[in-house]
Amino acid sequence: MRKLDPRAWAVLLGMVLVLAGAGCGGDDESDKQDGASSQGDAALETVREGTLTVGSDIPFPPFEQGRGPDYEGFDIDLIREIANRLELELRVQDTPFDTIFRDLGQGKFDVVASATTITPERERAVDFANPYYLAEQAILAEQGAGIAGVEGLAGKTVGAQKGTTGADYANDETDAKTVRTYGEADDAYNALQAGQVDAVIIDLPAAQQAAADKNGLEVVTSVETGEEYGFALQEEADSLRKAVNEALTEIKQDGTYEEIYREYFDKKPPAEILDATHMPS
Amino acid sequence: MDVVLEQYLDLNLMGEEFGFVFKGFLETLQLALISGFLALAWGLVLALLRQLPGKPLAPVRFATIAYIDAFRGVPLLLVILIISGSLPFVAEGLGLPRSVGIPQWFGKPDPFWYGVFAITVTYGAYMAEVYRAGIEGVPRGQMEAARSLGMSHGQSMRHVIVPQAVRRVIPPLLNDYIALMKDTSLVGVIALVEVVEAGRTVQAETLNSSALTLGALMFLAVTIPMARIVDRLLAGQQARFTRGAPSSA
């Protein structure tokens, strides 16, 4: 065999170091897991013992935003409060929205907290806890674009986020010429700013946030759809779902819900949400 | 295992969604054909610019090398995102018409053309290196002979060097072309409904991933025959350059 060039040795050494570094990271991870499992004596069965693993497509302000591992947002603060009350450690995992329910079904997380509307289609794959937010859709457009309402979308190119109720609405309820769906809400906003789509249909609070953050965009109108957000859980996780529901009810009743709601939406929560319940079909 | 079969090989779903996914695949093919043709041409232009002789043309050579280095070193996905995000503003800033910043030529949506542009500039750089290998593989004596017959550098390239060089590098160019075809799926991030994006749309709607498998099968139906063609071309070349083989087939 030919002798290896010293440079080749250097490259090999570098590769070994990188791999070793990755290996150490992995060890750390498993240590934490052991630590958590020894202290968590609650009977709740979760993907990782002692931890509530939450899937969320971040960013989607004001519901989920910030940098990991300490994400924030209405959903995240709410689920953190729930995890605290269940004496579970919260672990939020950023994940694409279009596969979020499949991944939940596969057991990658315990809960999806990602501004998810309760729909019958989703209900076939997952179970929802009680509603925690009443949502509407909104049409976001460039200022002065002259789109007045849903009728104004006829023949236009409309953007939305893939797999969302906004995308369904654009496809089913408008006369848009084309509906373009993007992986992240932000990509849809960028396309709108660049003039590649004429309007974006997305949940109202997200649209308001975008209008506040991005130059030249405005919320044209909100669209009453009567949607309810619910945390989604795996289909057979009945005891965890009950526990989440109990904690959520507690949070709604003792005023913590209103506190978090005011922080993100700057107003009193509607009375209907405080006693809203949902039975999985 | 049943879950995997149900999630990825639901034949009913594949049948129902075949039309939609196939429409996406046609988009993929069109994107691959147009940007592939442009990248092949642009790569040759870059390779020739890189070979320009003489001191006065050194800046052109350096600029070409810098271009090739830059685009070989940046992920295509980034190029797509940057072009799609910036081109409308650049065109507006330069006072160009809207149809340049947001091109919708020949009835194709603008993400299609951003994709064509990004793939052409990126793969042009890869292919330029393949052409260069071919040009530098032609014996020096060929150029010297052509020049001593009174041909200019350009004429020698056109009539003597390039025809020989291109013939040698057809198999590696085809390999790059197969890679290009697969990379068209990256244009899905800017909402072009090509085959992968079509599959993901179906996945988001039905919570079932079988449409992705269907897309993979459509790809294979095209890429496997292309790989066989590359093999045959290579075998033919091997025979031509091997001692004792018939000189031309």
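This report describes selected elements of chain A and the helical architecture of chain B. The model is a predicted one.

**Chain B as a whole**

Chain B contains 10 helices and 0 strands, and its elements read α-α-α-α-α-α-α-α-α-α from the N terminus. The C-alpha trace of chain B extends over about 70 × 60 × 30 Å along its principal axes. Chain B has 249 residues, of which 35% count as buried. Where contacts in chain B link residues at least 6 apart in sequence, 76% of them join residues at least 24 apart.

**A helix pair in chain B**

Helix H8 (residues 153–183) of chain B packs against helix H10 (residues 210–240) of chain B at an angle of about 170°, and their axes lie 9 Å apart. Angles over 145 degrees count as roughly antiparallel, and H8(B) and H10(B) are therefore roughly antiparallel to each other. H8(B) contributes B:Ile170, B:Pro171, B:Leu174, B:Asn175, B:Ile178, B:Met181 and B:Lys182 to the contact. By class, the contact of H8(B) with H10(B) comprises 12 nonpolar, 3 polar and 1 charged residues.

In chain A, strand S5 (residues 157–161) is mostly covered, with 5 of its 5 residues buried. In a regular strand the side chains alternate between the two faces of the sheet. On one side of S5(A) stand A:Thr157, A:Gly159 and A:Gln161, on the other A:Val158 and A:Ala160, and all are buried. The strand pairs with two others, as the table shows.

**Helix H6 of chain A**

Helix H6 (residues 185–193) of chain A is mostly covered as well, 7 of its 9 residues being buried. The buried residues of H6(A) are A:Ala185, A:Asp187, A:Ala188, A:Tyr189, A:Asn190, A:Ala191 and A:Leu192. After H6(A) comes A:Gly195, which has a positive phi near 80°.

Technical notes: Residues are numbered from 1 along each chain as its sequence is written. Chains are lettered from A and ligands numbered from 1 in the order in which they are written. A residue is buried if 20 or more other C-beta atoms lie within 10 Å of its own, exposed if 12 or fewer, and partly exposed in between; C-beta atoms are placed from the backbone. Helices (H or I, at least four residues) and strands (E, at least two) are DSSP runs, numbered from the N terminus. Axes are lines fitted to C-alpha atoms, for helices over the stretch in contact, and angles run from 0 to 180 degrees between N-to-C directions. Angles under 35 degrees count as roughly parallel, over 145 as roughly antiparallel, 65 to 115 as roughly perpendicular and the rest as oblique. Two residues are in contact if their C-beta atoms, placed from the backbone, lie within 7 Å. Ala, Val, Leu, Ile, Met, Phe, Trp, Tyr, Cys and Pro count as nonpolar, Asp, Glu, Lys and Arg as charged, and the others, Gly among them, as polar.
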